[in-house]
Amino acid sequence: MSITLQRTALAITFGAFGPALLGAGAALAAPPPAVAPAPGEPAQGWPEQPGEPQPSPGVVFVEVRPTPVQPGYLVGIRASCRDNSIPATVVSDAFGRVQVHSQRGELTASAEVRERTRPGNYRVKLECRDGATASTMLQVVKSMKPSPGPHTGFGGAAGANLTGLLVPGGLALTIAGATVGIIAARRPRGAARG
């Protein structure tokens, strides 16, 4: 079999089945859907990234994530007092009284929103030992609808049924492998190359 004929066979094989293979690869490489943590699991808080700005000394604040949140789920608390080496207290009707401790220059803790908490907005108040206070709001909802994922043009890869791609993809790989095998089998062994 001539080199030109071999190249033509490969070009026809990949021309016919290349788009199916690329489409299957893109679907399989799609990221999994984002899922909210289950009750009792840690909430997604502040990612630990080097170089993240630290609060200025003396700034008093409190943040709660995620919001909105369902009853029974954990929330992350991030706060700062004038002196973050001393623990402080965070109070809310949604989760009660929690002590925040120094970690990487900030005061942090996690708290579980009580199961019996009704949907609504709840005040979260930071009480520093020196008398300084700060507050924010936490929204509690009955239930949250999971995110459907980004609209990337492949028909919603999050939760997509990929079984329709398995047969054509497997067939394309089988034909491509058979073509390469035939070409390799017909190739003369030990022939001088020019």
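Tutor: Before we look at single residues, one definition is needed: a residue is buried if its relative accessible area is under 20%, exposed if it is over 50%, and partly exposed in between, computed with a 1.4 Å probe and with protein chains only. The model before you is predicted, so local features need a pLDDT of at least 70 and side-chain atom pairs count only at pLDDT 80 or more, while totals for chains, interfaces and linings use all residues. Residues are numbered from 1 along each chain as its sequence is written, and side-chain values use heavy atoms, with hydrogens and water left out.

Student: Why is Arg104 called exposed?

Tutor: The relative accessible area of Arg104 is 53%, and the cut-off for exposed is over 50%, so the word applies. Arg104 is found in the loop between E4 and E5, and it has a positive phi of about 55° although it is not a glycine.

Student: What makes Thr89 buried?

Tutor: Its relative accessible area is 16%, which is under 20%, and therefore Thr89 counts as buried. Thr89 lies in strand E3, and, leaving aside neighbours within four places in sequence, it is in contact (heavy atoms within 4.5 Å) with Arg97, Val98, Gln99, Val100, Lys125, Leu126 and Glu127. For the protein chain as a whole, buried residues make up 27% of the 194 residues.

Student: How many helices and strands does the protein chain have?

Tutor: There are two helices and seven strands, where helices (H or I, at least four residues) and strands (E, at least two) are DSSP runs numbered from the N terminus. Read along the sequence, the pattern is α-β-β-β-β-β-β-β-α.

Student: How do you know that E2 and E5 pair?

Tutor: Two strands pair if DSSP finds at least two bridges between them; strand E2 (residues 74–80) and strand E5 (residues 106–112) have six, in the antiparallel sense, and so they qualify. Within this pairing, Ile77 has Ala109 in E5 as its bridge partner. E1 and E2 are joined by five bridges and run antiparallel, with Glu63 facing its bridge partner Arg78 in E2.

Student: What joins E4 to E5, and what lies between them?

Tutor: Strand E4 (residues 96–103) pairs with E5 in the antiparallel sense over three bridges, and Gln103 stands opposite Glu106 in E5. The two strands form a hairpin with two residues between them, and Arg104 is in the turn. E3 and E4 also form a hairpin, with three residues between them; these two strands pair antiparallel over five bridges, and the bridge partner of Ser92 is Gly96 in E4.

Student: In what order do the strands of the open sheet stand?

Tutor: The open sheet of seven strands has the order E1-E2-E5-E4-E3-E6-E7, with antiparallel pairing. E1 and E7 are its edge strands, since each pairs on one side only.

Student: Which residues touch the most other members of the largest nonpolar core?

Tutor: A nonpolar core is a set of buried Ala, Val, Leu, Ile, Met, Phe, Trp, Tyr and Cys residues joined through side-chain atoms within 4.5 Å. Of the 25 residues in the largest one, those touching the most other members are Val62, Val75, Ile77, Val90, Phe95, Leu126 and Leu138. At least two residues of this core come from each of E1 (61–65), E2, E3 (88–92), E4, E5, E6 (120–127) and E7 (133–140).

Student: What is the mean pLDDT of the protein chain?

Tutor: The pLDDT is the predictor's confidence in each residue, from 0 to 100; its mean for the protein chain is 76, and 60% of the residues reach 70 or more. Over residues 24–45 the pLDDT is below 50, and this stretch has 25 contacts in the model beyond near neighbours in sequence. Local features need a pLDDT of at least 70, and therefore none is described here for that stretch.
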